[in-house]
Each structure stands twice: as C-alpha cells, then as structure tokens.
Amino acid sequence: MWEGRVVSIQIAPEAAAPMVGLDQVEAVAGKGLAGDRYFHRAGTYSERPGSGRQVTLIEVEAIEALAREAGIELPSAASRRNLTTRGVPLNHLIGRRFRIGDVVLEASRLCEPCQHLEGLTRPGVLKALVHRGGLRADIVVGGTIRVGDPIRPEPA
C-alpha cells in the first residue's frame, strides 16, 4: 500500500488568472475548493462535460520528468492543477476514493493536458504531459486540505 503527501496547493480566482499558492484550502463537498475558479463556475471548460471538475491533481514526479525528459521547467502552479502530490499513483485511482487528511475525494478521470495549458505555458508541454497530466476528482467529504497532509487510498 502506498502513502503520499500534498506538496503544494494552488487555486485561481478566474479562468486564465495566475494560480495562487496556499498553505491550506477548504474543500466543499459537491462544489470544489473555496476561492477557485471552478468553485465559482468561472473556469475554462473542455467540450467534454462530466464529473471531476471540483479538484485537479498532478504528481510532482511528472513535473520532474517533464524537466528531465523535455527540458521544460514547469513550476507546480503553472500546471494549472489545484494539488501537487508526491508518492501518489494518480492514474491508478480512476473510479476509486482516496483520502487527503480528513477529506475524501473520488477520482473520476485523467486530467489530460490541453491547448489552453500549453498556451499559458510553452510549446511542448501538451505532448510531454500526455497520460501524466494529472487527475480530476470530486469531493465526497469536505474539510480542510493542508500542505503536507497524507494521501491514502480508501478501503475498497
């Protein structure tokens, strides 16, 4: 069994606005992260509606691989994901619930990179992050998420 950690927390108040780093954030069940663009339904939405619009996560290991393999230095906030994790196999969580501190999330689908992300960063980001651009999740049980919180799978 694995156990990971929250490395950083980022939100943006509106679509395309710079991400703001936080030490903690309130996760509201069924709604999202307080203060984030998607909490206020002011984000940039894909043409594919569905679940997983409340929280996005990315592995710091993917960001490190981006630098190592493609020579692209991408700060966590530039990934446009809300939570950066370490030691969490995000792609393997689809359809499963997991816990961050006292908050319970349900992973719905991969958060593949898009043209919008590449437009806000630099060429090459989209291709380099395919299948490792993160995870989309919904909040099942709300609470406070803090940098350093443990991340664990919920029992099946």
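User: Before we start, what should I know about the model and its numbering?

Analyst: The model is predicted, so local features need pLDDT of at least 70 and side-chain atom pairs count only at pLDDT 80 or more, while totals for chains, interfaces and linings use all residues. Residues are numbered from 1 along each chain as its sequence is written, and side-chain values use heavy atoms, with hydrogens and water left out.

User: How many helices and strands are in the protein chain?

Analyst: Helices (H or I, at least four residues) and strands (E, at least two) are DSSP runs, numbered from the N terminus. The protein chain has three helices and eleven strands. Their order from the N terminus is β-β-β-β-β-α-β-β-β-α-α-β-β-β.

User: Which way do β1 and β6 run, parallel or antiparallel?

Analyst: Two strands pair if DSSP finds at least two bridges between them. Here β1 and strand β6 (residues 83-86) run antiparallel, joined by four bridges. Val6 has Thr85 in β6 as its bridge partner. By contrast, β5 and β6 run parallel, with three bridges, and Glu59 stands opposite Thr85.

User: Why does Ser8 count as buried?

Analyst: Buried means under 20% relative accessible area, exposed over 50%, and partly exposed in between (1.4 Å probe, protein chains only). Ser8 counts as buried because its relative accessibility is 15%. Ser8 is located in strand β1 (residues 4-11). Across the protein chain, buried residues make up 46% of the 156 residues.

User: What is Ser8 in contact with, leaving aside its neighbours within four places in sequence?

Analyst: Contact means heavy atoms within 4.5 Å. With those neighbours left aside, Ser8 is in contact with Ser76, Asn82, Leu83, Thr84 and Val147.

User: Which residues have the most contacts inside the largest nonpolar core?

Analyst: A nonpolar core is a set of buried Ala, Val, Leu, Ile, Met, Phe, Trp, Tyr and Cys residues joined through side-chain atoms within 4.5 Å. The largest one has 23 residues, and those with the most contacts inside it are Leu33, Leu57, Leu93, Phe98, Ile100, Leu105 and Ile145. Another core, of five residues, lies apart from it and includes Leu66, Ile72, Leu74 and Leu129.

User: What lies over the face of Phe39?

Analyst: A charge sits over a ring if NZ of Lys or CZ of Arg is within 6 Å of the ring centre and within 35 degrees of the ring normal. In this model Lys31 lies over the face of Phe39, at 4.4 Å from the ring centre.
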